Amino acid sequence: MPLLDRRLVFVTGKGGVGKTSVAAALALLAARQGRSVLVCEMDAKGSLAAAFDAPPLSFQPRLVEPQLWAMAMNTEDSLREYLRLFVRVPFIGRIGPLARTFDFVADAAPGVKEILAVGKLCHEVRERNYDLVVVDAEATGHIVAQVGAPKVIRDLVNVGLVREQTDWMLELLQDPGTTGVAIVTTPEEMPVTETTELVARLPVETGVDATVLIANRVLPALFDRRQTAVVDGLDRAHRLLVDAAGRGVDAVVDAARITEARRRVGAGHLARLQQVCPDLPMLIVPELFTRATGRRVVELVADALADELDIVVDDGRAGTRPGGSA
Amino acid sequence: MAAARRAAPSADIESLLASKEMLLVCGSGGVGKTTMAAALAAYAATEIGGRVLVLTVDPARRLADALGVGRLGNDATRVSAEAFAAVGVEPRGELWAAMLDTKAGWDELIRRHAPDSRVEASVLANPLYQNITSRFVHSHDYLAMERLHELHASGQYDLIVVDTPPSRNALDVLDAPVRMKEFFGSRLLKWLTVPYRSRLFTAASKPFYQVADRVLGSRFLQDIAEFFILFQAMEAGFVEHAREVEQLLADPRTSFVVVSTLEAAPAHEARFLARELTRRELHLGAIVANRALPSSFTAKASAASARKLLRATESADADPDDDDDDDGDLVTAVAHALDAEPRVVRGVLHEIAARFHDLAVVAAREAERRAELGTMCPLVVAVPVLDHDVNDLGDLLEVARHLDA
């Protein structure tokens, strides 16, 4: 089942691997396919807004692209909405101190904050307010607590409204046709290790399986075996190269060598990942070599992912594929 | 004293390591904090001497093995003389490593601050305890600071380098002691721990508990309240301790090293962090720009060479008339020197020349960001991107050499 045909997609990965760009790109792709999409940043760092070159996001979703709404999770607002919708607390204005108290309890009590966040997302899915909800989720360290919150709450809370609601949330989260988890990694040791650990932990602790791996910033292979022998031997031709191209040629050769060496190390890590997770498809997003940030990066990542997901978006953007330069 | 310390930034990494007793390495996730903390400690142990400890949070397996930490829990272990000998280094001092174990750390705290064995046993046995401590907001951060305090107070080390935990917000680590103090000092906690029954009758709290009962169930709230009551028994000890830990961060013997790559998001985070450290009047010792591309990539001479090389390797098919001039000679000569096919050599050199622009663009962006970081801190050190992972002591010392270049 194609990743974006699901209703709820969590995008996670070790800090610094480019989670937000990937989440934004996936949301953009789905929106371009004509689906209504909500993309939600969970850690309130503001990087999702930066990815869309948009002003800071809030709990109230805002249209950032055609068919694409973006929001930032805020557990206090989520609690407010929850109380209004389900507990029917009459005067919202009065729950200020109540919300603060709740926030305090939530800080210390396991799973409460997480369930307010995940509950909001599940609610949007259940109400079918959007065709797809893409979550720029917490890093690998926290995602288990987040996706697993309904399970934790169900184990800890014996009665009450919240417990009843964990049932439909779990049903939603544990249905692979509804919920997907995309784990983003770079071809580096720690991100790959955290990815393999997460793939193992997710089903055990949350009952939700990883759906797809996304390898970001993958360097292209520049040389085949015969060419590599030439690259390795170029020191013997140093004089010739300097005479023909000048002193700066050292930096030029170094650049290719650094890229190639890093690519080789990275390919090893990705091979290990595929070996540990043979059943998970891996999408490749190439290193972009761009000086751009924000919206432009999202555009390029979306193009790369469209190729990988076999998505054809007929909007006249076919010429912006990064394959030519990366 | 305090003013003097801020007025006199260290000129290089060596003098920073030599003049401080505690170094906190911070930065956003994925920038190589753990490696940098270990490299700084290894450098201090080999070049400056004394007993140096690196307190690490979550090292990569091979790095953990190299340091001899891993499954050893909370104890510090010394990196053996043989490990140094194997990479041909005779350290002037000792390198020790310890890993932060959150669970063991909390248990230890409870044991220390519990007024009696009954409270200790009740807390440790409380069903919410493990769940809360492992999820308690910033619990890692607080424990790292707590452990630093303990290690420093032990008087066993000349320098302690702390690899701060991965945080959603890098500043959490600075706020952790204050939060701990606030947590215990808050009226909410006191209010929450008033015996459950009597609370129901206070007008102020009534709406909260009515709603909370419906939402969470009263049993759950009771469990929480019970747990907090137990915790309150330890308040005095915890708060006093948190104050000491807080003071440690502002101590003249403490300095912060911000690690970043020169990519957009980490560099943005690093600038924010550096600004906040300055605002809080904490000592920012250095910014380390990790995995930087060599500055030669932005040199005009390099770009010129790339262009020449590109011209010299234009495909013979595309420009047959040009093949017999000087440029064609390069391919032939290199092929001869390397005993390789001219066609392959041409392809390789052409690709190398054509690709250079990609990296030069990235390097130019990096140079701008590095200059921006330079306005935040007088000492910015670049560690170049390596062509291999950092797996062992030899690799760490290689990184360290760049730190002091």
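Mentor: Helices and strands here are DSSP runs, a helix having at least four residues and a strand at least two. The model is a predicted one.

Trainee: How many helices and strands does the secondary structure of chain B come to?

Mentor: The runs are numbered from the N terminus. For chain B the secondary structure comes to 20 helices and eight strands.

Trainee: Of the 405 residues of chain B, what percentage count as buried?

Mentor: A residue is buried when its relative accessible area is under 20%. Chain B has 405 residues, and the part of them that counts as buried is 52%.

Trainee: What share of the accessible surface of chain B belongs to carbon and sulfur atoms?

Mentor: The accessible surface of chain B is about 17,300 Å² in total. The part of this surface belonging to carbon and sulfur atoms is 51%.

Trainee: Is Asp389(B) buried or exposed?

Mentor: Asp389(B) lies in the loop between β8 (380-384) and α20 (393-403) of chain B. Its relative accessible area is 19%, and the cut-off for buried is under 20%. Asp389(B) therefore counts as buried.

Trainee: With which side chain does the side chain of Asp389(B) make a polar contact?

Mentor: A polar contact needs a pair of N or O atoms within 3.5 Å. For the side chain of Asp389(B) the distance is 2.6 Å, and the partner is the side chain of His269(A).

Trainee: Which kind of pair do the rings of Phe297(B) and Phe356(B) form?

Mentor: Over all chains there are three aromatic pairs. The ring centres of Phe297(B) and Phe356(B) are 5.9 Å apart, with the planes at 70°. Planes over 60 degrees apart count as edge-to-face, so this pair is edge-to-face.

Trainee: How many residues apart are Phe297(B) and Phe356(B)?

Mentor: Phe297(B) is in the loop between β7 (284-292) and α17 (300-312) of chain B, while Phe356(B) is in helix α19 (residues 342-374). Phe297(B) is buried at 1% relative accessibility, and Phe356(B) is buried at 2%. The pair links distant parts of the chain, 59 residues apart.

Trainee: Within what arc do the buried residues of α11(A) fall?

Mentor: In helix α11 (residues 238-245) of chain A the buried residues are Leu241(A), Val242(A) and Ala245(A). They line one face of the helix, because, seen down its axis, they fall within an arc of 95°.

Trainee: Which residue follows α11(A)?

Mentor: The residue after this helix has a positive phi, near 95°. It is Gly246(A).

Notes:
Residues are numbered from 1 along each chain as its sequence is written. Chains are lettered from A and ligands numbered from 1 in the order in which they are written. This is a predicted model: local features need pLDDT of at least 70, side-chain atom pairs count only at pLDDT 80 or more; totals for chains, interfaces and linings use all residues. Side-chain values use heavy atoms; hydrogens and water are left out. Buried means under 20% relative accessible area, exposed over 50%, partly exposed in between (1.4 Å probe, protein chains only). A polar contact is a pair of N or O atoms within 3.5 Å; within protein, one must be able to donate a hydrogen and the other to accept it, and residues adjacent in sequence count only if both atoms are side-chain atoms. Rings of Phe, Tyr and Trp (its six-membered ring) pair if their centres lie within 6.5 Å; planes under 30 degrees apart count as stacked, over 60 as edge-to-face and the rest as tilted. Accessible areas come from the Shrake-Rupley method with a 1.4 Å probe; for residues, only the protein chains shown count as cover. The arc is that of the directions from the helix axis to the C-beta atoms.
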